[in-house]
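Okay everyone, thanks for coming.

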Amino acid sequence: MTLKTLGAKAAAALDQELMSTCAFSIDQLMELAGLSVSQAIYRVHPLNKGRRVLVACGPGNNGGDGLVAARHLFYYGYQPTIFYPKRSKNELYHRLAKQLEDLQVPFVDDFQSALNSTDHVVDAIFGFSFSGEVREPFPKVIQALEETKIPITSVDAPSSWNIEDGPPKSGLGSAFMPTALVSLTAPKPLVKYFKGRHFVGGRFVSPSIAKKYDFEVPEYPGVDQVVEVPTTNEKL
């Protein structure tokens with residue numbers, strides 16, 4: 001099944017509608033998103049492949065999803081480490097970080113050193129709203145993600161990719177291809193450039209909202225919050 005994609009404007013409008021018409025709070029949506037990501041990681045990188053997981057978080061919602069995912073991974077038996085260099089001043093993110101600190105999950109400042117001692121990386125730096133240039137302190141992080149042989153799971157979008165046009169044509173990020181991608185709510189147009197394992201997480205979208213925004217909600221098996229879907233490299 002080839003799923004329809006959701007562009008940047010539609011994705012932003014859907015998020016707003018989920019928090020207005022559908023009465024979800026941002027806390028709920030972030031919790032569900034992070035839970036979905038953690039379940040995808042459990043499938044891509046089960047515990048027997050190594051328990052150490054480095055979660056790279058940006059300052060926005062994508063980073064918040066990563067913080068939530070890290071908490072769930074801790075309870076699954078993983079040993080998460082957090083790289084979160086630009087902390088949001090928003091109270092929600094403070095609470096998410098404190099929840100991890102209370103679990104004695106380490107926060108690190110040196111991404112490269114942390115990368116050298118992990119088994120898997122979660123890329124939760126930039127989401128679907130990213131555009132323009134990668135700003136400090138993230139250029140070296142993106143470069144390290146491009147060069148590493150360690151498997152990477154990206155949240156909603158590989159960081160540095162444009163939601164419509166995929167990876168940059170040249171320069172930083174042009175060679176970045178994560179092992180897995182977790183599309184939240186619905187795939188974004190960039191998936192046509194993606195070559196790894198693809199999951200969708202969004203088991204909270206009502207049929208009426210999916211119809212309004214003209215995309216399909218995939219069938220989630222059992223109690224799973226994610227479903228793996230075929231990767232297509234054809235233009236959608």
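Quick housekeeping. This is a predicted model, so local features need pLDDT of at least 70 and side-chain atom pairs count only at pLDDT 80 or more, while totals for chains, interfaces and linings use all residues. Residues are numbered from 1 along each chain as its sequence is written, and side-chain values use heavy atoms, with hydrogens and water left out.

Back to Ser159. You'll find Ser159 in the loop between β5 (152-155) and β6 (180-184). Helices (H or I, at least four residues) and strands (E, at least two) are DSSP runs, numbered from the N terminus. Is Ser159 buried or exposed? Ser159 counts as buried because its relative accessibility is 0%; the cut-offs are under 20% relative accessible area for buried, over 50% for exposed and partly exposed in between, with a 1.4 Å probe and protein chains only. Leaving out residues up to four places away in sequence, Ser159 touches Asp123, Ile125, Phe126, Ile142 and Phe176, where contact means heavy atoms within 4.5 Å.

Now, the UniProt record, an unreviewed entry, puts the feature "binding site" at Asn62, Asp123 and Ser159. They're spread over 98 residues of sequence, yet they cluster in space, with a largest C-alpha distance of 9.9 Å. UniProt positions are in the numbering used here, feature names are shortened, and annotations may be inferred rather than shown by experiment.

Asn62 belongs to helix α3 (residues 61-76). Asn62 is buried too, since its relative accessible area is 8%. Not counting residues up to four places away in sequence, its contacts include Asp123, Phe126 and Asp156.

And what does α3 lie across? The helix lies across β1 (52-57), β2 (79-83), β3, β4 (120-124), β5 and β6, running at about 160° to β1. For that angle, axes are lines fitted to C-alpha atoms, for helices over the stretch in contact, and angles run from 0 to 180 degrees between N-to-C directions.

On to the sheet. It's an open sheet of 8 strands, in the order β3-β2-β1-β4-β5-β6-β7-β8, with mixed pairing. Two strands pair if DSSP finds at least two bridges between them. The edges are β3 (107-108) and β8 (226-229): each has a single partner strand, so one side of each has no neighbour in the sheet.

Let's zoom in on β6. It pairs in the parallel sense with β5 over 3 bridges, and with β7 (residues 197-201), also parallel, over 5 bridges. Leu181 has Ser154 as a bridge partner, and in β7 its partner is His198. Ser183 stands opposite Val200 in β7. In a regular strand, side chains alternate between the two faces of the sheet. Here Ala180, Val182 and Leu184 point one way, Leu181 and Ser183 the other way, and all are buried.

For contrast, take Ala23, in the loop between α1 (8-19) and α2 (26-44). Ala23 counts as exposed because its relative accessibility is 62%.

That's my tour, thanks!
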